Amino acid sequence: QLCKDAALNINDFRGVPCILTLDLASKLDLTSVIAVFQKGAHFYIFGKHYLPESAVEPGMPNHELYRGWKIQERLIVTQGPRTDYSRLEKDVLEFRDKFKPRLIGVDPNYNAEHFRQNMEAAGVPIIEIPHNSARFSEPMKDLASLIVSGRLHHDGDPVLDWAVGNVTAKVDMKGNVYPRKTHQDNKIDPAVALIANMAEQLRMVEAPKSIYATAPSM
């Protein structure tokens with residue numbers, strides 16, 4: 001609730017620097033596209049989330065949540081037993097044309113190769129963002145700080161809110177943290193896409209501590 005601002009509208013962010021990241025799935029997991037725009041010391045999040053219709057049928061885990069989000073137009077349900085990547089590719093191309101993201105990133109280890117080939121054939125360069133503790137540890141810590149400081153905002157996205165709430169931090173022997181699910185059915189794909197996005201946002205900041213600098217209230 002600290003980050004929710006239902007008045008936010010993505011169309012007001014044309015020309016604002018942004019990064020687009022994707023967490024790809026094919027069957028029961030969510031496929032999520034997360035756009036993060038930066039204005040000064042503040043970050044603004046907008047998401048699109050996809051599931052195949054087979055995952056939304058009665059009796060499937062979370063089906064009541066998913067059906068509600070579909071009605072709210074917060075979840076895109078595609079026909080068939082797998083997420084329709086052609087719909088995803090269409091949406092990414094439309095976003096590229098409208099908002100000119102600084103980069104578009106995907107996890108190289110899962111379902112990404114065919115998507116990347118199609119995007120590059122359409123003139124959209126894709127970068128690989130490994131999903132590992134070395135890449136994710138600092139962004140996870142930074143996200144927590146940004147939330148507490150009131151510098152992270154989203155438009156009331158209930159799917160993202162749920163996913164972030166499902167994240168638990170696994171700590172390795174070196175003190176690095178990595179996102180894990182609290183339960184098998186509690187999906188975290190949107191949160192993973194957000195962490196990957198922030199990893200790139202922070203990598204592009206010449207002085208990372210500048211995101212905590214005093215900023216005017218909005």
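This is a predicted model: local features need pLDDT of at least 70, side-chain atom pairs count only at pLDDT 80 or more; totals for chains, interfaces and linings use all residues.
1. Packing of H2 and H3. Two packed helices are described by the angle between their axes and the distance between the axes. For helix H2 (residues 85-99) and helix H3 (residues 113-121), the angle is about 40° and the axes lie 11 Å apart. H2 is therefore oblique to H3. The crossing of this pair, H2 with H3, is right-handed.

2. Residues in the contact of H2 with H3. From H2, the contact draws on Tyr85, Leu88, Glu89, Val92 and Leu93; from H3, it draws on Phe115, Asn118 and Met119. Divided by class, the residues of this contact are six nonpolar, one polar and one charged.

3. The buried side of H3. Phe115, Arg116 and Met119 are the buried residues of H3. Around the helix axis they span an arc of only 95°, so they sit on the same side of H3. Two of these buried residues, Phe115 and Met119, also take part in the contact with H2. The cover over the buried residues of H3 includes H2 as well as strand S1 (18-23), strand S5 (104-106) and strand S6 (127-128).

4. The opposite face of H3 and its end. His114 and Ala121 are exposed, on the face of H3 that is turned away from the buried side. Just after H3 comes Gly123, with a positive phi of about 85°.

5. Leu22 in strand S1. Strand S1, part of the cover of H3, contains Leu22. Leu22 counts as buried because its relative accessibility is 1%. Leaving out residues up to four places away in sequence, Leu22 touches Ser32, Val33, Leu88, Val92, Ile104, Gly105, Val106, Asp107, Phe115 and Ala193. Among these partners, Leu88, Val92 and Phe115 also belong to the contact between H2 and H3.

6. In helix H1 (residues 63-71), the residues His63, Tyr66 and Trp69 are buried. Viewed down the axis of H1, the buried residues fall within an arc of 125°, so they line one face of the helix. The cover over them includes strand S3 (42-52) and helix H5 (158-165). Glu64 and Ile71 are exposed on the other side of H1.

7. Most residues other than glycine have a negative phi, and most peptide bonds are trans. Glu73 is placed in the loop between H1 and strand S4 (76-78). With 72% relative accessibility, Glu73 counts as exposed.

8. Lys100 is exposed, since its relative accessible area is 58%.

9. Packing of H4 and H6. Helix H4 (residues 133-149) and helix H6 (residues 189-204) cross at roughly 95°, and their axes come within 8 Å. This angle makes H4 roughly perpendicular to H6.

10. Residues in the contact of H4 with H6. On the H4 side, the contact is made by Arg135, Phe136, Pro139, Met140, Asp142, Leu143 and Leu146; on the H6 side, by Val192, Leu194, Ile195, Ala196, Met198, Ala199, Glu200, Leu202 and Arg203. By class, twelve of the residues are nonpolar, none is polar and four are charged.

11. Apart from neighbours within four places in sequence, Gln201 is in contact with Ile19, Val36, Gln38 and Phe43.

Methods. Residues are numbered from 1 along each chain as its sequence is written. Side-chain values use heavy atoms; hydrogens and water are left out. Axes are lines fitted to C-alpha atoms, for helices over the stretch in contact, and angles run from 0 to 180 degrees between N-to-C directions. Helices (H or I, at least four residues) and strands (E, at least two) are DSSP runs, numbered from the N terminus. Angles under 35 degrees count as roughly parallel, over 145 as roughly antiparallel, 65 to 115 as roughly perpendicular and the rest as oblique. A crossing is left-handed if the near helix is turned anticlockwise from the far one by less than a right angle, and right-handed if clockwise. Contact means heavy atoms within 4.5 Å. Ala, Val, Leu, Ile, Met, Phe, Trp, Tyr, Cys and Pro count as nonpolar, Asp, Glu, Lys and Arg as charged, and the others, Gly among them, as polar. Buried means under 20% relative accessible area, exposed over 50%, partly exposed in between (1.4 Å probe, protein chains only). The arc is that of the directions from the helix axis to the C-beta atoms.
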